[in-house]
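The sequence and structure come first.

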Amino acid sequence: MAVAAKLLVILMTLLGSSAAWDAGALLDEMPVIHMLRPLQSSGGGLSLHADMPCDSWRLAVETNNRRDWSTVPANCEQYVGNYMMGGHYRADSKVVVDEAIAYAQGLKLGGGGKEVWVFDVDETTLSNLPYYAKHGFGAEPYNWVEFTKYAQQANAPALPETLRLYNELKELGIKPVILTGRREDKRNATDHNLRNQGYLGYEKLLLKPVDVKVPGIVFKSGERKKLVDAGYVIVGNIGDQWSDILGAPEGARTFKLPNPMYYTSARAILISPSAFNNTISIVRTDGSTVHSLMDAYHEFISVIK
């Protein structure tokens with residue numbers, strides 16, 4: 001492998017490729033999650049999606065301008081696969097984590113030991129690339145049954161950059177809190193997977209109850225509110241989906257990791273707590289009336305559970 005890597009670098013140099021040094025750096029210490037496919041550049045052979053280059057589509061996705069999409073465009077499957085496997089994804093993740101660490105190192109902690117940093121799981125602490133590499137890198141429709149089987153195996157690799165941030169925060173005295181949209185029935189597998197991949201000593205592991213059917217953004221913002229109410233100070237929040245980092249209280253600062261493989265809706269009706277005291281009039285289908293926003297909210301929750 002080492003000889004082949006050196007020959008590849010020499011060949012690229014002779015061909016005048018500007019990417020030669022990148023290939024050498026990546027091949028020297030390439031994480032396992034990037035060895036599922038041969039090393040390729042995500043920039044080569046850009047296909048179009050509705051007259052839009054796939055790199056422009058990815059930019060729209062990452063900036064939350066392209067929303068509510070269900071699958072990666074079929075003709076962008078190879079592009080996304082090359083991006084995820086070819087080193088570009090790791091490099092982008094490193095930029096995010098470098099900024100997060102620089103921010104954390106500049107914090108002046110209050111000394112009460114209540115400062116926490118919220119981490120998502122899928123495509124944040126753990127990588128599901130072994131699964132998505134076999135399912136079109138998001139070009140195939142999401143299969144809940146198949147992904148559940150995969151998650152229960154508890155062998156997803158850590159995202160190296162996130163683990164670096166995690167360990168740095170612990171050294172600084174900031175306690176990690178894991179907050180995931182995974183259901184409680186995956187608690188044992190998730191806990192086992194996290195610990196086996198080096199995520200040790202977290203303050204809490206918060207999963208979504210099996211019978212709760214609120215959107216992810218509502219669940220996660222609600223759990224962060226519980227942390228704040230319990231006296232914790234959320235100094236940072238990192239995730240791969242906008243729904244991980246939107247919805248008050250978000251935390252003092254948020255960081256978005258790249259993920260062009262799937263989308264979790266960040267849409268929700270966010271209501272100020274004081275608004276629940278307002279008097280309203282909502283007519284039910286049976287002709288009766290709801291006069292309290294709080295009553296309307298509880299009825300809504302009871303219906304969707």
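## The second largest pocket

In this predicted model, strand S4 gives the largest share of the lining of the second largest pocket, with 4 residues. S4 covers residues 175-183. Other elements that give two or more residues to this lining are the helices H6 (129-132), H7 (144-152), H10 (216-229) and H11 (242-245).

The space in the second largest pocket is about 780 Å³. Its lining has 34 residues, and those closest to the centre of the pocket are Asp122, Tyr142, Gly181, Tyr262 and Thr264. Sorted by class, the lining consists of 12 nonpolar, 11 polar and 11 charged residues.

## Cavities

The whole structure was searched for cavities of 30 Å³ or more, and 2 were found. The largest cavity holds about 50 Å³ of space.

The lining of the largest cavity is made up of Val61, Glu62, Asp240, Gln241, Trp242, Lys256, Asn259, Tyr262 and Tyr263. By class, 4 of these residues are nonpolar, 2 are polar and 3 are charged.

## Methionine 84

Methionine 84 lies in helix H4, which spans residues 77-85. Is methionine 84 buried or exposed? Methionine 84 counts as buried because its relative accessibility is 0%, and the cut-off for buried is under 20%.

Methionine 84 can also be placed relative to methionine 261: the two are 177 residues apart in sequence, and their C-alpha atoms are 8.9 Å apart in space.

Methods: Residues numbered from 1 in each chain as written. Predicted model: local features only at pLDDT ≥ 70, side-chain atom pairs only at ≥ 80, totals over all residues. Heavy atoms only, no water. 1 Å grid on protein atoms, 1.4 Å probe; cavity = no way out; pocket = protein on both sides within 12 Å on 5 of 7 lines; lining within 4 Å. Points joined across faces, edges and corners; volume = space filled by probe spheres on them. Nonpolar A, V, L, I, M, F, W, Y, C, P; charged D, E, K, R; others polar. Buried < 20%, exposed > 50% of the residue type's maximum accessible area, 1.4 Å probe, protein only.
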